[in-house]
Amino acid sequence: MKNDNIKHAAAAAAFLQDREQARWHDSAIWWVRQKRDAQAKQLPEWEQLRALAQQIKAHTLSRLDEYLEQFQRNAEANGVTVHWAADAAEHNRIVHGILAAAGVKKLVKSKSMLTEECGLNPYLEQRGIAVIDTDLGERIVQLRHEPPSHIVMPAIHLKKEHISELFHKELGTEAGNNDPTYLTHAARANLREHFLSAGAGLTGVNFAIAETGGVVVCTNEGNADLGTALPAIHIASMGLEKIVPRLEHLGVFTRLLARSAIGSPITTYTSHFQQARPGGQMHIVIVDNGRSDILGSDDFYQSLRCIRCGACMNTCPVYRRSTGHSYSYIIPGPIGSTLGPSRDIKKHGSMAFACTTCGSCSNVCPVKINLHEQLILQRKRAFDAGTLKAAKKMGLLAMRFLTRHPSLMDAGGKLMRKVVPIVPQALTQHSAWSRPGRELPQMPAQSFKEMWQARKENKQ
Amino acid sequence: MSSRETILARLRQNRPQGPALPDIDAVPFITFEDKFDAFRTLVRNLGGDAVQLQPGETVAGIVAQRWPQHGRVADVTAAKPEQVAAPHDWHDVDIAIVPGELAVAESAAVWVSHAGNSQRALYFLTQKLVLVVPKDAIVDTMRDAYARVSIREHGFGGFISGSSRTADIEQSLVMGAHGAMAALVIFV
């Protein structure tokens, strides 16, 4: 679970203390963004594909209740048990109920941001069920007792030395062997034992198809597949916005997802689960947990189109330079910075300000969510909810007063241009504008308005 | 009221406006002059390989040539494939030879699905995966593929593109995360 008392700016400042690590994080994630661009450029229809995805999702949201009912009917016709959870607590109770009824002692899990959102792992562990995260990155952060820092690359905040040390302690690998292939294969051998001995497997859901009642899970590692093909029980937990109307629509979404997420044409495995294996059971838990409220918000309902590719965080200049651990909500980056505040503005208000409003996120989003516009609207809510620090609030109020009184603004600007150059350095060296790269600019002789006036007069 | 009724009622009440479903076939998608060549080029970057069976060659011959030293082989392309009591019994398979229904040029993906849903553990437990695909069953894009696949009677189906892989440690690409370490697609 994540500490939701985190304030983005302070946490980011702490992360940036290690300059070398911060630079590496920035460039590693930017590389993924560049791979995404290379894939997008190979398809002449890329922009049309994004438009199709947007339209399909927008249509689905306008009839979400109908499509969910259709999905349930078809899933049940396939022999799948469908459960509905109004909130995180109900989701956890349902999952525990299924496991307890079957006497399951060990659950293997593939990546699911929803179960992170619900806090499923600690809930089950407190009730005596061992939970093994099986995505390599998720396993690493689970062993470190920390939340994932990225929704697609959970351990991107770590260097191989950290992982080598961790695996030496937890899995008995050679001390000082930092080779990623060696470390990956050590985890492979260890997790195989868990796959073969687990009583149940839990997966997230990338897409749920109303027309077939099936769910689709995309992974590169194959962990969702081993976790569902071996144990007799498969539980799939899905947010209720994961629905697409028809199987053919995956001909759009599977073309966008991995290209946007990791710059690959597709994930290694795109698995369609429609029935339990012979002798097994399959359960689907449909979770609301605040989503139906977001659907009713004119400003924010578009965020429910999200397919969790992570492209918005890979492109975000703030995310790349602050890591996912600087965000209070479990989903970081631009999409998390609208979903978190939508859920609880008092807890997650600082996330709305982890944004330069550059708009790059909106431009790479495969379902064209107006992310940067939503973040500006979330700032308004953060202000209204009283989550701003007193100094920031006073600054904003002063600015509002000034912009409403142009003559005062002109006078203030004039004063600033005169005074700032002669302020002794001792007074400014502890301000936000004294850090490297953020020095106060040279004060110009004239304001823009004065320059504009002069230019007009010269022309005449 | 049950959670189901509460949730559905709130979704009905909160419905936003939305467009009609678009016609996804109205947009022209990329096509490839030589689909096999596009497939092979891509799959080689994804920890796999692809070959076309030549006259006089057999699948078994190609497999034996590629991996002369190998462990247990499970071939489920035969008319009466090997059956196991539990999926766990495939755990020590070294090479699995499985039928692939359809290949996709743009993504180097192969659709696997079979009646009875009994072999799927094999696709993922095996160390090396050999997919045998009919020569003419190759399409340009995922849209073309979805127009041709059917899952309803099988319960499970999946696209597999190359080897199992991960880049979770410092973005270094490693083949063989959990599933097959090598993938070979043979077009017959």
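Visitor: Hi! Which strands make up the open sheet with mixed pairing?

Guide: Eight strands, in the order β8(A)-β5(A)-β6(A)-β9(A)-β8(B)-β5(B)-β4(B)-β7(B). Strands pair here if DSSP finds at least two bridges between them. Strands (E, at least two residues) and helices (H or I, at least four) are DSSP runs, numbered from the N terminus.

Visitor: And why is one side of β8 of chain A and of β7 of chain B left without a neighbour?

Guide: β8 (243-244) of chain A and β7 (138-139) of chain B are at the edges with a single partner strand each, so each has one side without a neighbour in the sheet.

Visitor: Before we go on, what kind of model is this?

Guide: A predicted model, in which local features need pLDDT of at least 70 and side-chain atom pairs count only at pLDDT 80 or more, while totals for chains, interfaces and linings use all residues. Residues are numbered from 1 along each chain as its sequence is written, with chains lettered from A and ligands numbered from 1 in the order in which they are written.

Visitor: Thanks. In what sense do β9 of chain A and β8(B) pair?

Guide: Antiparallel, over five bridges, with β9 covering residues 269-273 of chain A. Tyr269(A) has Ile160(B) in β8(B) as its bridge partner. Ile160(B) is also the bridge partner of Val110(B). Strand β5 (residues 109-112) of chain B runs antiparallel to β8(B), joined to it by three bridges.

Visitor: How many residues of each chain are in contact?

Guide: 65 residues of chain B contact 74 residues of chain A, contact being C-beta atoms, placed from the backbone, within 7 Å. α1(B) gives the largest share of chain B's side, eight residues. That side has 29 nonpolar, 25 polar and 11 charged residues. Nonpolar covers Ala, Val, Leu, Ile, Met, Phe, Trp, Tyr, Cys and Pro, charged covers Asp, Glu, Lys and Arg, and the others, Gly among them, are polar.

Visitor: New topic: which strands are in the parallel open sheet of chain A?

Guide: Six of them, in the order β1-β10-β7-β4-β2-β3. β1 (81-85) and β3 (130-133) of chain A are the edge strands, pairing on one side only. β1(A) and β10 (residues 281-287) of chain A pair in the parallel sense over five bridges, and His83(A) stands opposite Val285(A) in β10(A).

Visitor: What about helices, say α2 and α12 of chain A: at what angle do they pack?

Guide: α2 (residues 19-41) of chain A and α12(A) pack at about 145°, with their axes 6 Å apart. Axes are lines fitted to C-alpha atoms, for helices over the stretch in contact, and angles run from 0 to 180 degrees between N-to-C directions. Val32(A) and Lys35(A) are among the α2(A) residues that meet Arg259(A), Ser260(A) and Ile262(A) in α12(A). α12 (residues 250-262) of chain A also lies across β5, β6, β8 and β9 of chain A, at about 20° to β6(A).

Visitor: Last one: how many residues are in the largest nonpolar core?

Guide: It has 172 residues, and Val130(B) is one of those with the most contacts inside it. Such a core is a set of buried Ala, Val, Leu, Ile, Met, Phe, Trp, Tyr and Cys residues joined through C-beta atoms within 7 Å. Buried means that 20 or more other C-beta atoms lie within 10 Å of the residue's own, all placed from the backbone. Not counting residues up to four places away in sequence, Val130(B) touches Val63(B), Ile95(B), Ala96(B), Ile97(B), Leu184(B) and Ile186(B).

Conventions:
Two residues are in contact if their C-beta atoms, placed from the backbone, lie within 7 Å. A residue is buried if 20 or more other C-beta atoms lie within 10 Å of its own, exposed if 12 or fewer, and partly exposed in between; C-beta atoms are placed from the backbone.
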